[in-house]
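Welcome! Please take a look at the sequence and structure below, and then let us walk through some of the features together.

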Amino acid sequence: MTSIEIIDDTQHRELCIDFQMARRAFRQEVVPVVISEFHSLMFHYPIVLVKDGDTGEFTCAVLLGINSEANLLDEKDVANDEILPLNIRRLPLVAVAPPDGESRPLIAINMASPGVGQGEYIFKSKSHSFEAAIFSLGELYGGYKETRDYVNKIVELDLVSTLHAQIRHADKPAQILEGLYAIDLNKIAQLVECHEANKNSFLEIARYAYAQHFSLSNMARLAPLVS
Amino acid sequence: MINENVKHVVIVGGGTAGWITAGVLAAKCVKEHGRDLTITLIESPTIGNIGVGEGTWPSLRTTLQTMGISETEFIRQCDATFKQGACFKKWIDNSEGDAYYHPLMLPSSLGPLNSIIRKLNSDPTKGQNSGDLSYSTMLCSQETVCERGLAPKNITTPEYRGILNYAYHLDTNKFSIFIKEHCISKLNINHVVNDIVGTTLGADGEIGSLRLVDGTELTADFYIDCSGFAGLLIDKHFNVPFLDRSDILFCDRAVAVQCPYEHQDAPIASHTVSTATGSGWIWDIGLQKRHGIGHVYSSGHMNQDEAERDLRKYVGKQMDQLDVRHIKYKPGHREKFWMKNCVAVGLAAGFVEPLEASSILLVEIAAFWIAEKLPHKKSGFVHCEKQFNETFRYRWDTIIEFLKLHYCISQRTDTDFWRDNTHPDSIPDGLLEKLDLWRGQCPSVVDFLSRADVFPFESYCYILYGMKFKTATHAVSAAQLIMLEKKIHEQQLAMANVVNSLPANRSLINKIREHGLQRI
């Protein structure tokens, strides 16, 4: 359930939010991320490419779990912004498409989110958590275009390949994780080799590709979450 | 002449057959195998394309992929939609609700066919379509998918892959232009626009060169005749006789219209609808912006006005605003397709009614055959000629048999057309023998041993049991039937999950137009 309200300092003067509760309650297994987060998230979560269910387009995401029962967030300090994806740091705020003629999105609250109605007053107490959530939302929104351009580039260069991942169980058949994709480092190496003259243009691609590749070592952390 | 290298191929004709053949040759021989081969396609500036053949087989996915074509671009530019089979209406006995499906998915192997037919026979009041399940709904989810107008895949499914097997419906004229542009820009096909006025005689009766209207000559080592019904090379140069097969397949005329949807979001059928009439049948193919509808009929049983009247009845009032196109053809094929340094592909090789969309399919098969076997030395032509003629004669014969099957096991007796179609004299001996065999026992894969069979055993079963053909079955134990019942139940549940995961055909086409499909 969602109940979106555009933030208004008069209407929401008395509103309280427990931001950490909103974060802890987060239960999605796949969280969209932007490329500017890759180098901080790569130490904590597997970063992958997945397809958007509505458009089929590739999007960058971190895997938090295999099912809704257990989640990598469960073991994290949800107060520590440095280890959380922006999409969790912004909770329970959401961006709403700007009205005609305006470019900046509106900031809104999902009133149905856990933590809303308890915790600190967001306006009366000049909440630091509230400001941090607004900042995260802005950074996330701003990062989408850069991330989309990056993904378009790697798709155009045919650098995306299927990620073959499975969780092995001692007592039952392996669980194959489908619908995951990764940036192909071998293809990047080939590109650099074939285009020696302008190899610098591929360095930016490689920078994020290596971070994504490094992050896959965190796949092993998902296995204990599966019963 | 002997042992001269084959380095230059000229394809005559710029329709679908010409460009598919050119594209497959370039992709396979030149791009994939690195062969030193120049491919030139000569197209007449004055002769238009026939522009029929909007139905295809799943093989087109491989063909397009081989040519390096993006499925997204193909769908966007050719008005293409997904096709998952054909629904035949009024073919069995012309009764209310008379309909069955020939899906593109192979039937699930739930057990021996004998047991399945036994199970279908278990309700004697419903013949071999017993209970709620027909032969195709028992063994395949695609009839349900078609009935609901669903697509065979999702937007997240990669290009050319499907959750269910699929082919396409397409706008043939747009398709020709699309692959032409691709072949010229991406596959380096030489494109010559000129009219051919004749040929010169080479050694031993082969084609020496093509004489063009501007007085020049175009010379090649090998010629592919894709010039349509005209048969500029296979007929005009080699005088290869045409085998008229209208003694088996009576339809020899068509009247066609292009019928826009009532509104732009109208559902798109994901199957061809083929509705039998008194002396033929009406095709109805849903493209993105319009239907292609046409009445194929036998001029020996119905005149043009009657055919148009039946089509008008099917289309409705909208027909008054539409351009009506009449097409004449002779059902049949050349006695030989490959002669010396020339092979005929497409309409130049032959044509039969588009009941099972065999026209483009045969072009694809021929194109891949030529790409695989085109000899490096001219001395190899003699072997190719023998092999190609043998296998393609077999293919034409079996295609004609398969099409005839749709007619000859019908219970319709309401017109001369249907009575004549079931008369044994009009049924090829091979088919008569098979039908006799299958009356006594179920068809089996061992009845279809040739690799050249175009339509497999499974397709025959869909038609036979869709048409309520009666096969004697041997007894099956109660335990086996219970086991089969259980498998059918599990199968139905699994199929329901698939069906529920698929979007509407129109919805997926719109999404592909907007976002495209990913390559992986």
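## Strands and hairpins in chain B

Strand β8 (residues 196–201) of chain B runs antiparallel to strand β9 (residues 207–212) of chain B, and five bridges join the pair. Strands here are DSSP runs of E with at least two residues, helices are runs of H or I with at least four, and both are numbered from the N terminus. Two strands count as paired if DSSP finds at least two bridges between them. Leu201(B) has Ile207(B) in β9(B) as its bridge partner. Five residues lie between β8(B) and β9(B) in their hairpin, and Asp204(B) in the turn has a positive phi of about 60°.

β9(B) also pairs with strand β10 (residues 217–218) of chain B, antiparallel and over two bridges. Here Leu210(B) stands opposite Leu218(B) of β10(B). This hairpin of β9(B) and β10(B) has four residues between its strands, with Gly215(B) in the turn at a positive phi of about 95°.

## How to read the model

This is a predicted model, in which local features need pLDDT of at least 70 and side-chain atom pairs count only at pLDDT 80 or more, while totals for chains, interfaces and linings use all residues. Residues are numbered from 1 along each chain as its sequence is written, and chains are lettered from A and ligands numbered from 1 in the order in which they are written.

## A helix pair in chain A

Now for chain A: the axes of helix α5 (residues 185–194) of chain A and helix α6 (residues 200–215) of chain A come within 10 Å and cross at roughly 160°. The axes are lines fitted to C-alpha atoms, for helices over the stretch in contact, with angles from 0 to 180 degrees between N-to-C directions.

Residues in this contact (C-beta atoms, placed from the backbone, within 7 Å) include Leu185(A) and Ile188(A) of α5(A), and Phe202(A) and His213(A) of α6(A).

## Where the chains meet

Which residues build the contact between the chains? Chain A gives 10 residues and chain B gives seven residues. Strand β9 (residues 160–162) of chain A gives the most to the chain A side, with three residues.

## Two domains in chain B

The domain assignment, automatic or from a database, gives chain B domain 1 (8–54 + 171–245 + 331–393) and domain 2 (253–328). Their C-alpha centres lie 30 Å apart. Six residues from domain 1 of chain B and seven residues from domain 2 of chain B make the contact.

Notes
Contact = placed C-beta atoms within 7 Å.
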